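Here's a quick walk through the fold, starting with a strand pair and working out to the packing around it. Have the model open as you read.

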Amino acid sequence: MGERKPIVGYTAGVYDLFHIGHANLLRNAKSMCDHLIVAVSTDELVRYKYKTSVIPYDQRVEVVKSCKYVDTVIPQENMDKFEAWKKLKFDVMFVGDDWYGTEKWQKIEDQFKAVGVKVIYFPYTKDISSTRINEILDEKRAEILEKEKELEELKKRGDETLKKKMDETLKKKIYGDNNLPEKEKGKLGGEEKDVKDSHTNSFYQPPY
């Protein structure tokens, strides 16, 4: 008997803000093939789809390369999956199940079926996506900006009592209750103390 031909798998995506959902998909894909090729969308292609990635292409490539389930990383410069097959001759393509049953992917399946390529759909990891991470970050940024605006207004009005309260609220938003910078750790148990900067010997003023 001849030696078994290695199964080559292929998948593609943006892989922005790499998260557990990406890792799950790549792990599952690698378990079903011998050599996994991952195409990472270029910045130009992402913009063509009217989106913007947070992480630039060259860094997204390095992140995907570092994943132990990935054997080869290439750029995805267009959305033509069949054209990719002509160049790479993979045996199976992996894709998220949000595309299952769509007209677009039914056509792609028909094309691949004619050349003996399987399309396997993996379920997306629940409650996690790069889009959702971006939304959460945007919400947090908006909250901080709003607090900064309120603080500036209070400073202009010269209301010291409210200003101190806003200072503490803003610091907690940025650093969290247990992660204040060293300069702030002089304020313990609700008692405020003046904290000196050891380099300038001057009293610390919040940088807002």
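## A pair in the sheet

Let's start with strand 1 (residues 8-13) and strand 4 (residues 92-96), which pair in the parallel sense over 2 bridges. Across that pairing, Tyr10 sits opposite Met93 in strand 4. Keep in mind that this is a predicted model.

Zoom out and you get an open sheet of 5 strands, paired in parallel and ordered 3-2-1-4-5. Strand 3 (72-76) and strand 5 (118-122) are at the edges with a single partner strand each, so one side of each has no neighbour in the sheet. On average, neighbouring strands are turned by 25° against each other, direction ignored.

## Helices across the strands

Two helices are worth a look here. Helix 3 (residues 57-65) lies across strand 2 (35-41) and strand 3, and runs at about 160° to strand 2. Helix 5 (residues 103-114) lies across strand 4 and strand 5, at about 145° to strand 5.

Which residues touch the most other members of the largest nonpolar core? They are Leu26, Val38 and Phe94, out of 18 residues in that core. Helix 1 (20-30), strand 2, helix 3, strand 4 and strand 5 each give two or more residues to this core. Take Leu26: setting aside neighbours within four places in sequence, its contacts are Thr11, Tyr15, Phe18, Leu36, Val38, Cys67, Tyr69 and Val70.

Apart from this core lies another, of 16 residues, including Val8, Tyr10, Ala39 and Trp105. As a general point, nonpolar side chains in soluble globular proteins tend to be buried together.

Key: Residues numbered from 1 in each chain as written. Predicted model: local features only at pLDDT ≥ 70, side-chain atom pairs only at ≥ 80, totals over all residues. Heavy atoms only, no water. Pairing = 2+ DSSP bridges. Helix = DSSP H or I, 4+ residues; strand = E, 2+ residues; numbered from the N terminus. Axes fitted to C-alpha atoms, helices over the stretch in contact; angles between N-to-C directions. Contact = heavy atoms within 4.5 Å. Core = buried A, V, L, I, M, F, W, Y, C linked by side-chain atoms within 4.5 Å. Buried < 20%, exposed > 50% of the residue type's maximum accessible area, 1.4 Å probe, protein only.
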